[in-house]
Amino acid sequence: MQDDKASHTAYTVLQGVVHTGWQKHTKGLVSSDKMSACLDILNSSDEGRKRLNQLRNPLLSAGLMMMQRLLLPGISIHYVTRKKAIEGFVRSDIARGARQVVNIGAGFDTLMYELSRDHTDLTCIELDHPATAEQKSQAFAADAPTNLHTHPVDLSKTALSDALAQIPAFDPSARTCFICEGVLMYLESTDIERVFSSLTQVTSGEVRFIFTAVPSMDSPNTNATWLLKRYLHRLGEPLRWTIEKSDITDYLAAQGFDLDQVVDGHDMRREYLSHLSGTPFHLGEFVVCCVPIQKG
């Protein structure tokens with residue numbers, strides 16, 4: 001990622017969500033509120049408007065879908081379904097008493113914007129690379145809810161605990177739901193371990209952590225193609241941390257966490273795409289919901 005430009009991946013994910021919401025057979029997967037927020041973000045920058053024009057041009061749109069089939073078949077619909085799975089976990093935690101939600105590496109995800117409007121007493125905090133965070137803040141500048149706090153920070157240089165300490169709205173005593181979507185696979189193992197340890201240090205309240213993970217590209221549990229590895233290296237965003245779903249319980253235990261739930265591509269296909277059985281769908285990435293191990 002270039003320091004002065006918003007994340008290429010963030011734009012790609014948003015473009016995939018909009019494409020899915022515009023297709024007749026999948027538009028029901030993307031709510032009107034989410035679509036409106038996504039379009040606001042894309043329309044707020046030259047790069048975003050370019051991405052929209054690509055989707056509106058039949059030839060360019062077909063080219064994008066061809067590239068998707070060559071790299072990660074069905075990834076656009078996967079972006080949408082993984083967001084639906086994450087949203088389900090988060091809203092469930094809010095119903096059980098979570099008072100704040102922190103999205104680590106939020107990118108252009110719109111969930112926090114939607115939650116802050118739905119729950120005016122909920123503290124919603126986003127942390128992301130400055131260029132991405134600032135672009136997103138500009139998109140919502142006209143009607144950003146007062147309980148939505150976007151904080152620009154380079155987490156490769158600033159510890160999570162230090163970043164949250166700079167945000168007056170963050171309550172270290174509140175029950176908190178943390179999200180880290182599509183981020184950990186780009187970090188080194190030591191950095192991920194620091195994320196886990198920070199979660200129980202920054203708050204004395206109950207914690208729930210929701211994140212996504214991927215197996216290696218050689219795994220039989222993914223339909224990622226060999227071209228993806230070369231593509232990610234060219235973007236400067238290679239995968240650094242991979243794990244099999246079957247190993248996640250032991251990994252979490254080593255970090256001091258218990259597995260609550262895990263949802264993989266097969267689960268998401270059954271839950272959201274039962275009426276689209278023949279539609280290409282990415283099966284590698286899975287969503288994990290976990291809690292700190294109770295001591296004593």
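## Burial and the F196–F209 pair

A residue counts as buried when its relative accessible area is under 20%. In this predicted model, F196 and F209 are both buried. The structure holds 8 aromatic pairs, and F196 with F209 is one of them. Their rings sit 5.3 Å apart, centre to centre. The planes make 85 degrees, an edge-to-face arrangement. F196 belongs to helix α9 (residues 189-201) and F209 to strand β5, so the pair ties together parts 13 residues apart in sequence.

## A tilted pair and the ring cluster

W241 and Y251 form another aromatic pair. The ring centres lie 5.2 Å apart and the planes stand at 45 degrees, so this pair is tilted. W241 is in the loop between α10 (226-235) and α11 (248-254), while Y251 is in helix α11. The pair therefore ties together parts that are 10 residues apart in sequence.

W241 has 5% relative accessibility and counts as buried. Y251, at 15%, also counts as buried. Ring pairs join F196, F209, F211, W241, Y251 and F257 into a cluster.

## The sheet

Seven strands make an open sheet with mixed pairing. Their order is β3-β2-β1-β4-β5-β7-β6. The edges are β3 (148-152) and β6 (257-263), each pairing on one side only. Neighbouring strands are turned against each other by 20 degrees on average, direction ignored.

Strand β6 pairs with β7 (residues 286-292) in the antiparallel sense, over 6 bridges. Within this pairing, L259 stands opposite C290 in β7. Helix α5 (residues 75-95) packs on the sheet. This helix touches β1 (100-104), β4 (176-180), β5 (207-213), β6 and β7. The direction of α5 makes about 175 degrees with that of β5.

## Strand β2

Which way does β2 pair with β1? The two strands pair in the parallel sense, over 5 bridges. V102 stands opposite I125 in β2.

Strand β2 (residues 123-128) has 6 of its 6 residues buried, so the rest of the structure largely encloses this strand. In a regular strand the side chains alternate between the two faces of the sheet. Both faces of β2 are covered. T123, I125 and L127 are buried on one side. C124, E126 and D128 are buried on the other.

## Helix α1

Helix α1 (residues 8-22) has 15 residues. From its first C-alpha to its last it reaches 21 Å, close to the 21 Å expected at 1.5 Å a residue. At the start of α1, a side-chain oxygen of S7 comes to within 3.2 Å of the backbone nitrogen of T9.

The helix is mostly covered, with 11 of its 15 residues buried. Among them are A10, Y11, V13, L14 and Q15. The run G16, V17, V18, H19, T20 and G21 is buried too.

K27 lies in the loop between α1 and α2 (32-42). Beyond its neighbours within four places in sequence, K27 is in contact with T20 and G21. Both T20 and G21 are among the buried residues of α1.

K27 and R270 are 243 residues apart in sequence. In space, the C-alpha atoms of K27 and R270 are 17 Å apart.

Terms used: Residues are numbered from 1 along each chain as its sequence is written. This is a predicted model: local features need pLDDT of at least 70, side-chain atom pairs count only at pLDDT 80 or more; totals for chains, interfaces and linings use all residues. Side-chain values use heavy atoms; hydrogens and water are left out. Two strands pair if DSSP finds at least two bridges between them. Helices (H or I, at least four residues) and strands (E, at least two) are DSSP runs, numbered from the N terminus. Axes are lines fitted to C-alpha atoms, for helices over the stretch in contact, and angles run from 0 to 180 degrees between N-to-C directions. Contact means heavy atoms within 4.5 Å. Rings of Phe, Tyr and Trp (its six-membered ring) pair if their centres lie within 6.5 Å; planes under 30 degrees apart count as stacked, over 60 as edge-to-face and the rest as tilted. Buried means under 20% relative accessible area, exposed over 50%, partly exposed in between (1.4 Å probe, protein chains only). The expected span of a helix is 1.5 Å times one less than its number of residues. A polar contact is a pair of N or O atoms within 3.5 Å; within protein, one must be able to donate a hydrogen and the other to accept it, and residues adjacent in sequence count only if both atoms are side-chain atoms.
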